[in-house]
Amino acid sequence: MSNVALKNSPNDARSAFAKTLDALSNPLLAILLAFVLGAVIIAITSGNISTVPVAYIGLIEGAFFKTRGLSESLVATIPYVLASLAVALGFKAGLFNIGVEGQFYIGSLTAAAVGAAFHDLPALIHLPLVLIAAALGGAVWGAIPGILKAKTGAHEVINTIMMNYIAYRLTEFLVSNVLRDKASSAVQTIRISPNAELWNMATVPARLTDPLNAIFIALLLAITTFFFARWLVLRTRVAARFQTAAQKRAFTTALTFMVALAAFFFLPLLTQTVWPWTDPYDRLHIGLFLAPAAAVSVAWLLNKTTIGFELRTVGANPSAAQYAGINIGKNIVLAMALSGALAGLAGAIEVLGVSICRCLPLFFSAGYGFDSIAIALLARADAIGILPSSFLFGALRNGADLMELRSGVSKHVISLIQALVLLFVAAPAIVRYLTRQKTKADAVADVPLTRGWGR
Amino acid sequence: MSKRVWFVIALALVLALVIAACAPAAAPAPAAAKKKVGLVTDVGGVNDKSFNQSAWEGTQKAAKELGWDAKFIESKQPTDYEKNIDQFATEKYDVVVTVGFLMGDATAVKARQYKDIKFAIVDNAYFPTKDSVACGDKVKDCYADGGLTNVTSLMFQEDEVGFLAGVVAGGMTKTNTVCSVSGMEIPPVVRFVVGYQNGAKYANDKVKTLNTYIPSFIDPAKGKETGQSMIAQGCDVVFGVGGNTGNGGLLAFKEKNLIAIGVDVDQYNTYPEVKDALVTSAQKNVDTAVYNFLKAVADGSVKAGYNTATLKNGGIGLAPYHDWDAKVPAAVKDKVKTATADLISGKLATGYKP
């Protein structure tokens with residue numbers, strides 16, 4: 001698997017690097033091959049080989065270099081990260097959650113409802129509340145197929161797909177009736193409270209002038225620092241510098257408090273003077289920090305905790321897991337609930353940070369939940385690997401418009417390239433053959449991503 | 001092994017660079033920079049056989065006559081609207097046309113951002129509304145003092161032409177039940193439906209009307225299903241008011257050899273699969289409206305505000321009966337003519353209240 005780098009001991013840095021390269025070489029080659037084939041298709045369909053550079057330059061410029069291009073790519077990447085983490089977490093537990101799209105809808109529905117339910121709560125309380133509610137909504141939606149599988153053996157693929165349709169129709173019904181904003185002639189929910197919004201990057205300096213918001217950010221940073229410091233004193237070479245556990249605790253506490261205080265007093269000031277995001281029309285929001293945080297949390301959960309170990313064991317070999325005394329049913333439900341929670345968060349983020357009405361209109365998502373399956377596969381279900389693969393898909397999705405505009409090549413070519421990437425990743429033998437690599441004996445022993453029918 | 005792999009990757013990157021370098025150097029600026037017009041469609045897409053398509057046809061026609069460049073971008077989801085408009089703006093387009101009521105907020109926000117670009121939006125007019133992103137209630141007129149000085153709204157009096165469609169339906173029904181398969185419950189759709197139902201009652205006082213709003217413009221399967229359930233309830237004339245969703249309704253009636261009425265464009269031409277069942281279409285000439293707007297931009301006579309296409313100014317109307325010409329009774333045709341005249345003169349009201 002591609003997380004080999006994580007497993008290596010730090011003193012073997014060189015070989016870890018080489019192994020990372022090895023792990024990366026297949027997906028990178030897959031991407032490259034897909035683009036080469038994409039070029040051939042563009043050349044053939046347009047009947048003109050000079051369309052290829054125009055199209056690809058448009059693609060790259062649109063995705064990275066044009067005004068707000070990179071921002072828009074990131075805006076598309078953020079929901080992809082969370083949604084594909086949801087898929088990946090399912091894969092790790094041997095479950096194929098195709099219900100991410102439905103859980104996404106339930107998350108956005110919950111976020112829209114809870115976001116509009118209160119109007120006087122400070123962001124400090126409201127924003128976490130909305131996110132937790134959305135995660136819970138998604139978790140419930142994911143847990144139902146999980147419970148069905150655990151209790152009756154009903155396959156999650158079928159049940160999650162069916163739950164998708166229930167989610168679509170439920171959303172349509174609630175948006176056009178119960179939650180509908182009667183004052184607007186559009187079919188959409190009531191605008192959420194400004195305190196429930198995920199802050200737009202450009203508004204961060206203004207937001208931080210409110211002391212309550214400054215406390216909020218200071219708290220978040222303190223929590224992050226706490227975990228970082230613990231990791232530092234327990235898992236890295238820094239540990240050798242401390243003699244006793246009490247010293248380590250003191251260091252962690254001191255660092256946490258220092259960061260919290262510094263953030264509270266200086267961050268508002270700092271953002272007033274230097275802040276890279278000043279364009280008020282830039283749509284990038286603070287979900288930018290949330291997405292990688294979620295990826296790291298999922299990686300930590302899966303690889304460093306007992307819960308994660310149990311989930312992975314159930315995924316890799318349920319019989320062995322059962323023999324070892326792991327409760328399979330509980331873990332299936334847990335995996336589906338966690339997966340649903342991540343998908344729900346993805347939906348919430350789109351409502352709280354991107355939707356222009358800061359509300360939920362109809363037809364909110366064009367398949368984030370389904371694209372995310374491809375992204376999770378491309379990343380081989382590795383939580384950290386999902387960050388670059390999501391960015392690739394986000395950038396392609398965003399750059400496609402300028403490509404189409406400049407070259408007249410239909411943006412559906414991008415879906416084609418994505419499909420090719422996936423094909424090559426799913427069938428590494430093709431890539432190995434094309435690049436004349438020898439198949440390594442251990443390379444074949446990949447863990448299956450999900451298990452087949454039955455139990 | 002990895003050495004060879006990396007060699008391949010490096011080689012490919014070099015190749016890519018070479019190709020990029022050979023690319024025609026940044027398209028030589030044409031003499032006296034051609035004006036550029038961009039069209040952003042709603043999620044229905046440019047081939048929706050309905051109003052997105054019509055708007056694109058109008059754009060192309062005007063662009064061809066004026067010697068402008070015309071391009072479109074299709075929106076995949078509501079969060080794309082802003083991004084797509086921005087795409088044209090950053091590519092230095094001079095005129096942007098956005099199609100559909102749902103794009104109202106995004107168009108307003110972008111119009112304020114890009115004062116130098118002329119915007120037209122189909123189906124959405126701006127009125128001061130409390131807490132609205134597009135135009136808050138602090139202003140008197142959204143266009144004049146609300147900052148939308150570069151926006152023209154292309155509106156249609158859908159209830160009038162819907163009324164005429166209703167007159168035809170009321171006259172043609174044998175079961176005294178007429179129905180409509182509608183898209184999302186937004187003002188332009190509601191105007192069509194209300195006009196249609198009142199028109200049917202005007203033509204036939206025994207008539208029963210059925211209607212279902214389906215919260216989508218891109219769901220022909222749901223439209224067809226709804227159409228079939230309406231047939232089961234005894235309806236024999238359907239009005240499809242909802243892009244591709246409505247098209248599904250038309251198809252259901254065509255398959256049972258019943259009567260269908262199209263919407264937005266003359267669907268006899270755009271949706272030939274149902275032409276045998278299609279007695280007429282309630283046309284709103286989005287193409288003409290967009291065309292006229294672009295011409296006005298070209299000669300500098302364009303004004304901010306909203307233009308409403310009515311029966312009176314010919315911006316809306318019933319499509320020809322085509323194959324049904326002989327089958328529509330003269331009495332029905334006369335009734336349509338009277339209703340048209342009375343609606344124009346103001347003797348008759350459609351009964352639509354905003």
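Modeller: Start with a definition. A residue is buried under 20% relative accessible area, exposed over 50%, and partly exposed in between. Asp371(A), at 22%, therefore counts as partly exposed. Keep in mind that this is a predicted model.

The area buried between the two chains is about 4,200 Å². Carbon and sulfur atoms give 62% of that area. On the chain A side, Ile356(A), Phe363(A) and Leu405(A) lose the most area to chain B. Together they account for 18% of what that side buries.

Now the polar side of the interface. The rule finds 13 residue pairs in polar contact across it.

Charge pairing comes next. Side chains of opposite charge can pair when their charged atoms come close. The structure holds 26 salt bridges over all chains. Across the interface of chain A and chain B, the rule finds 5.

Take Arg283(A). Arg283(A) sits in the loop between α10 and α11 of chain A. Its relative accessible area is 8%, so Arg283(A) is buried. Arg283(A) forms a salt bridge with Glu82(B), with the closest N and O atoms 3.4 Å apart. A polar atom of the Arg283(A) side chain also lies 2.9 Å from the backbone oxygen of Thr79(B). Arg283(A) touches residues of both chains, including Glu72(A), Asn200(A), Gly353(A) and Lys83(B).

Now Asp86(B) and Arg68(A). Their side chains meet in a salt bridge, at 3.0 Å from N to O. This pair crosses between chains: Asp86(B) is in helix α3 of chain B, and Arg68(A) is in the loop between α3 and α4 of chain A. Asp86(B) has a relative accessible area of 5%, so Asp86(B) is buried. Arg68(A) is buried too, at 12%. Arg68(A), Asp279(A), Asp86(B) and Lys110(B) are linked in a network of salt bridges.

Two helices named above also carry salt bridges within chain A. In one, Arg397(A) pairs with Asp371(A), and the closest N and O atoms are 3.8 Å apart. Arg397(A) lies in helix α16 and Asp371(A) in helix α15, so the pair ties together parts that are 26 residues apart in sequence. Arg397(A) is buried, at 8%, whereas Asp371(A) is partly exposed.

In the other, Glu172(A) pairs with Arg169(A) at 3.2 Å between the closest N and O atoms. These two are 3 residues apart in helix α7 of chain A, which means that about one helical turn separates them. Glu172(A) counts as buried at 14%. Arg169(A), at 33%, counts as partly exposed.

Conventions: Residues numbered from 1 in each chain as written. Chains lettered and ligands numbered in written order. Predicted model: local features only at pLDDT ≥ 70, side-chain atom pairs only at ≥ 80, totals over all residues. Heavy atoms only, no water. Buried area = accessible area lost by both parts, 1.4 Å probe. Salt bridge = Lys/Arg side-chain N within 4 Å of Asp/Glu carboxyl O. Polar contact = N/O pair within 3.5 Å; in protein donor to acceptor, adjacent residues only side chain to side chain. Helix = DSSP H or I, 4+ residues; strand = E, 2+ residues; numbered from the N terminus. Buried < 20%, exposed > 50% of the residue type's maximum accessible area, 1.4 Å probe, protein only. Contact = heavy atoms within 4.5 Å. Lists of a residue's contacts leave out its neighbours within four places in sequence.
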